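The following exercises concern a predicted model. Please work through each task before reading its solution.

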Amino acid sequence: MIEAEFIASLIAASMRAGTPLLFATLGEIIAERSGVLNLGLEGVMVTGAMTGFYVSLITGNPWLGILAGGIAGLLLALIHAFFTVSLKVDQAVTGLMLVLLGLGLTGFLGRDLVGKVATYLQPLNVPFLSTVPYLSEILKHDPLVYVGIFLVPLLWFLMNKTRYGMELFAVGENPEAADTMGIHVDKIRFLAVLIGGFLAGIGGAHLSLAYAKVWTDGLTAGRGWICLALVIFSGWMPQRAIFGAYLFGGLDVLSFKLQAIGFGVSYHFMRMIPYVFTILVLLFSVIKEKEKFGAPSALGKPYIREQKF
Amino acid sequence: MGESMEPMGASMGAMESMEANRDTILEMKDIVKVFPGVVANDGVNFSVKRGEIHGLLGENGAGKTTLMSVLYGLYKPDNGEIFFEGKRVEFNSPGDAIKAGIGMVHQHFMLVSKMTALNNILLGYRTPKDPMMDYEWARSRIEELSKMYGIEVNLDEKIINMSVGEQQRVEILKALFRDVKLLILDEPTSVLTPAETERLFKALKRMSAEGLTVIFITHKLREALEVTDRITVLRKGKDVGTLITKNTNERELARLMVGREVEVSIEKKKSAAKEVLLRLENVYAKNDRGLLALKGINLSIRRGEILGLAGVSGNGQKELEEVIVGTRKVEKGRLIFNGKDITGLGVRKRIALGISCIPEDRIETGMAPSLSVEENLILRDFPNFSKNGFMDFGQIEAHAERLIEEFGIKTPSPKVEARTLSGGNIQRLIIARELSRNPLLLIASQPTRGLDVAGIEYVRKRLVTFSEEGKAVLLISEDLEEIMQLSDRIAVIYEGEIKGVLEREEADPEKIGILMSGGELEET
Ligand SMILES: Nc1ncnc2c1ncn2[C@@H]1O[C@H](COP(=O)(O)OP(=O)(O)OP(=O)(O)O)[C@@H](O)[C@H]1O
Ligand SMILES: [Mg+2]
C-alpha cells in the first residue's frame with residue numbers, strides 16, 4: 001500500500017516539522033498570557049537555530065546544542081524583557097528590533113557554518129514499536145518531539161490548575177488587580193518572557209539539529225511569524241497549540257512530499273501554502289473567537305503602578 | 001478566628017472602658033503625595049483606633065483614595081511616616097500591606113473579569129496545597145466567612161456576569177479571606193441598594209465587634225453618621241478635623257467638607273405630560289450568559305418627564321440601558337423613538353438621533369482612560385470638532401475648558417489623561433459630556449453614584465432642568481430616595497419585567513419595595 005505508507009510518513013514528518021513550531025508557540029503563549037507580546041519570535045528562533053548548530057558542531061553533542069539554543073533564545077528574550085517590562089518601552093518596537101537583531105547576527109556569525117555537518121539528534125529506538133508496521137514509522141522520532149508532546153499537558157496543568165497559572169492569567173488580564181493582591185506583575189512578566197524565549201530558542205535548535213539538519217542563512221524562513229499566528233489560532237491554550245503546530249508542520253512537509261512524488265505544480269507555489277494558510281487561519285479564528293474570551297486584555301500594555309486602570 | 005475571640009471575651013462587660021483604652025492601630029503622619037500638577041495629599045495626619053469604624057469624608061478629589069493608596073503600598077508618599085500597630089512601616093507594594101494585615105476594597109473594583117469569583121478571591125493566596133489550588137478548603141472557609149458576615153456570592157460565576165453589588169461582595173470576601181486586621185472600604189455604598197447597604201453595615205458592625213478595624217470612605221453623610229465611631233474630614237488634600245460621630249451632625253460635617261453650607265433637597269415640579277418620546281414594545285433581550293434578561297418590556301418615556309426605574313441591581317437594568325443605547329441585540333419586540341422604529345439602528349445613528357447615556361460602568365463603557373480629559377469630552381461628537389477633516393484643537397480645548405468650569409471637574413489641565421482623575425471627577429466628566437451634547441433622551445444610570453454632596457446637588461438640578469426643557473430622562477437608580485425625589489413616574493423592574501408604573505403621587509417607598517422584591521400591589 002503506497003498510500004498508507006505515504007500517509008504514515010507524512011504524519012511522522014508533520015510531527016517533526018511541527019515540533020519547532022510547537023516549542024515556540026507554547027513559549028509565546030506563556031509570554032502573551034502575562035501580557036507581553038514578543039513579535040521578535042523569528043529572531044529568537046533563528047538565533048536558537050544557529051547557536052544550537054554551532055555548539056553541536058564544536059562539541060559533537062547535539063543535546064548541548066539544544067541547551068545552547070535555548071539559552072541563546074533566553075538571552076534575546078532578556079533584552080526584550082528588560083526593555084518592555086523594566087523600561088516599559090513599546091513591545092512591538094522592541095520585538096521588531098529583535099527580529100532584525102536575530103536575523104542580522106546569525107547571518108553574520110553563521111557564515112562559516114553554511115554547508116557544515118553537525119551531530120544531529122537521533123531518533124529514539126522504542127524496542128517493541130519498531131516491529132509494528134506504520135505505527136513504528138509514525139512514532140519514530142528524536143526525543144525532543146516527545147518532550148514537546150509532554151510539554152502540552154504539563155503547561156495546561158500549570159496554567160489551569162496551579163497558583164502560578166492563575167497569577168499569570170491575572171497579570172495578563174488585569175495587572176492592577178493582580179498588583180493589589182500582592183502579585184509582582186513585572187516579575188511574572190519578566191519570567192514569562194524569559195521562558196518564552198528559552199522555548200523558542202529550543203524550537204529553533206530543533207529545527208537546525210533535528211528537522212532541517214543544516215544551517216543556512218535565515219533558516220527559520222518565517223516560522224517565527226507563523227508561530228505568532230498559531231498563538232492566536234490556539235486561543236492562548238496549549239492544548240490547541242499542538243494541533244496548529246502539527247498542522248503547519250504538515251503543510252510544510254506536504255509541499256516537499258508532493259514535489260517528490262512528482263506533483264506538477266511550481267515549487268514556489270507549494271512553498272507559499274503555509275503562509276497563505278496562516279492568513280486564512282487568522283481570519284477564521286478572528287471571526288470565530290469574536291464572541292468568546294480571546295486575547296489577554298492587557299496584552300501589549302506596559303504596567304505602571306501609579307497610573308490608574 | 002480562634003485567636004481574636006480571646007480579647008473579645010475579656011472586654012465584653014466593659015465596653016465603655018474599652019472605648020477609652022483602645023490603642024491606636026494606625027497612625028499616618030504628615031503624608032504628602034504630589035502628582036503632576038496636583039498635590040493630592042498635603043501633609044495629612046490620620047489616626048485610627050483598633051476596633052473602630054472610622055469614616056473618611058471629603059469632596060471629590062479631596063485626596064481620600066490617594067491617602068488610602070499610600071497606606072496600601074500602591075503609591076509611594078513624597079513625605080511622611082506610617083505607623084501600623086505601633087511599628088514604623090514602609091510598604092513598597094500591596095503585598096507588604098496585605099502581609100501586615102491590611103485589606104482594601106477599591107473604589108473601582110480590582111477584579112479579573114474573566115475569572116470566577118472563587119479564583120478572584122484566591123488570587124495570589126497560598127492555599128495549604130500550594131502551588132495547587134485547594135478549592136475544597138477555600139470554599140469551606142469562604143462559606144464560613146459568608147455566614148459569619150452575611151455576605152453571599154456565587155463562587156463559580158465569572159465576574160463579568162455579575163452586578164456591581166455582587167462584585168463588591170467578592171472584593172470584601174477577598175479581603176476578609178486574608179484575615180485582615182484593618183479593612184479599607186473606598187466608597188463601598190455608592191454601588192449598593194439600600195437593602196444591600198443595610199446588610200453591609202450589619203457586616204461592618206460585626207467585623208468591628210470581632211476586633212477588626214474598618215476605614216470607611218463615603219460621601220453620604222447620613223451613612224457616616226449611622227455606622228462610624230469617628231470621622232476624619234479631608235478638604236483639598238488636608239485633614240480639617242477628626243470628630244467623634246455621636247457628637248456631630250450632618251450640617252457640621254457638610255460645612256467641614258465643603259467649607260460652606262450646602263442644601264441637598266431639590267425643588268421638582270410635576271411635569272405636564274407630553275407626547276411619548278421612546279416606546280419599548282414587548283422587548284426581549286438576553287444577558288451575557290445567554291439567558292433572557294428582559295422578558296417583554298413595555299415602557300413609554302414621555303417628553304418633559306423623568307421616568308425613574310427602580311429595582312435591585314441585576315434585574316435587567318443594565319440590559320435595558322444597552323438595548324436602548326444599541327449595544328445589545330433585541331431578540332424580540334420594537335423600540336420606537338420619536339415616531340421612528342430604531343430597533344435595527346446602530347449606536348452611531350442612535351446618538352445622532354439624540355440618545356445619550358451615562359452608563360453604569362464608567363470605566364469600561366463610559367470613557368477612554370488613556371485619552372485626555374478634553375478628548376474624552378468630545379468622544380461622542382468628534383466630527384463636530386473638526387475643520388476640513390482635521391481636528392480643531394482650539395475649539396476642543398475651549399469646549400473642554402467651558403465644561404470643566406461649568407461642571408466643576410477637578411483636573412490640573414484639560415490635557416492630562418482622564419485616568420488620573422479622582423473617581424467622582426471621572427463621573428463629572430461623563431455627565432458633562434452627555435449633558436452638553438444636548439440630547440433628546442438621556443439614560444442616566446446611577447448618575448450621582450460616587451459624587452459628593454455638592455456634586456449630587458448639581459447633577460440633580462441639571463437633570464430636572466433638562467427634563468423641564470421638554471426632553472426626557474430615564475433615571476436608573478438603586479437610590480430610592482433619589483428616584484422618589486426626581487421622578488415624575490416610577491417604573492419598577494424585577495427579573496426582567498416591569499412590575500408596575502406608579503405616578504409620583506401614588507408612590508411610596510413601601511409600595512416600591514414590594515414591587516422591587518417581586519410582589520404585587522393590591523388594587524384599592
Ligand atoms: N494616579 C494619579 N495620577 C495623577 N493624578 C492623580 C492620580 N490619582 C489621583 N490624582 C489626583 O489627585 C487628586 C486626589 O484624588 P483622589 O482620587 O485621592 O480623590 P478622592 O478624594 O478619592 O475623590 P473621589 O471622591 O472623587 O474619589 C485628584 O485631583 C486627582 O486628579
Ligand atoms: Mg476616590
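**Exercise 1.** Determine in which helix of chain A the residue A:Y164 lies, and whether A:Y164 is buried, partly exposed or exposed.

*Solution.* Begin with the location: A:Y164 belongs to helix α7 of chain A, which covers residues 163-173. Next, take the relative accessible area of A:Y164, which is 45%. Buried means under 20% and exposed means over 50%. A:Y164 is therefore partly exposed.

**Exercise 2.** Identify the residues that form a nonpolar patch on the surface, and state which helix contributes the largest share.

*Solution.* The patch consists of A:F150, A:L154, A:W156, A:F157, A:L158 and A:Y164. Together these residues have about 550 Å² of accessible area. Helix α6 of chain A, residues 143-161, supplies the largest share, with 5 residues. A:Y164, by its place, is in helix α7.

**Exercise 3.** Describe the backbone and the exposure of B:D30 and of B:N282.

*Solution.* Consider B:D30 in strand β1 (residues 24-35) of chain B. Its phi is near 55 degrees, a positive value in a residue other than glycine. With a relative accessible area of 37%, B:D30 is partly exposed. B:N282 is not a glycine, yet has a positive phi of about 50 degrees. Its relative accessibility is 33%, so B:N282 counts as partly exposed.

Conventions: Residues are numbered from 1 along each chain as its sequence is written. Chains are lettered from A and ligands numbered from 1 in the order in which they are written. This is a predicted model: local features need pLDDT of at least 70, side-chain atom pairs count only at pLDDT 80 or more; totals for chains, interfaces and linings use all residues. Side-chain values use heavy atoms; hydrogens and water are left out. Patches are made of residues with over 30% relative accessible area and no salt bridge: like charges are joined within 9 Å, nonpolar side chains (Val, Leu, Ile, Met, Phe, Trp, Tyr) within 5 Å. Accessible areas come from the Shrake-Rupley method with a 1.4 Å probe; for residues, only the protein chains shown count as cover. A salt bridge is a side-chain nitrogen of Lys or Arg within 4 Å of a carboxyl oxygen of Asp or Glu. Helices (H or I, at least four residues) and strands (E, at least two) are DSSP runs, numbered from the N terminus. Buried means under 20% relative accessible area, exposed over 50%, partly exposed in between (1.4 Å probe, protein chains only).
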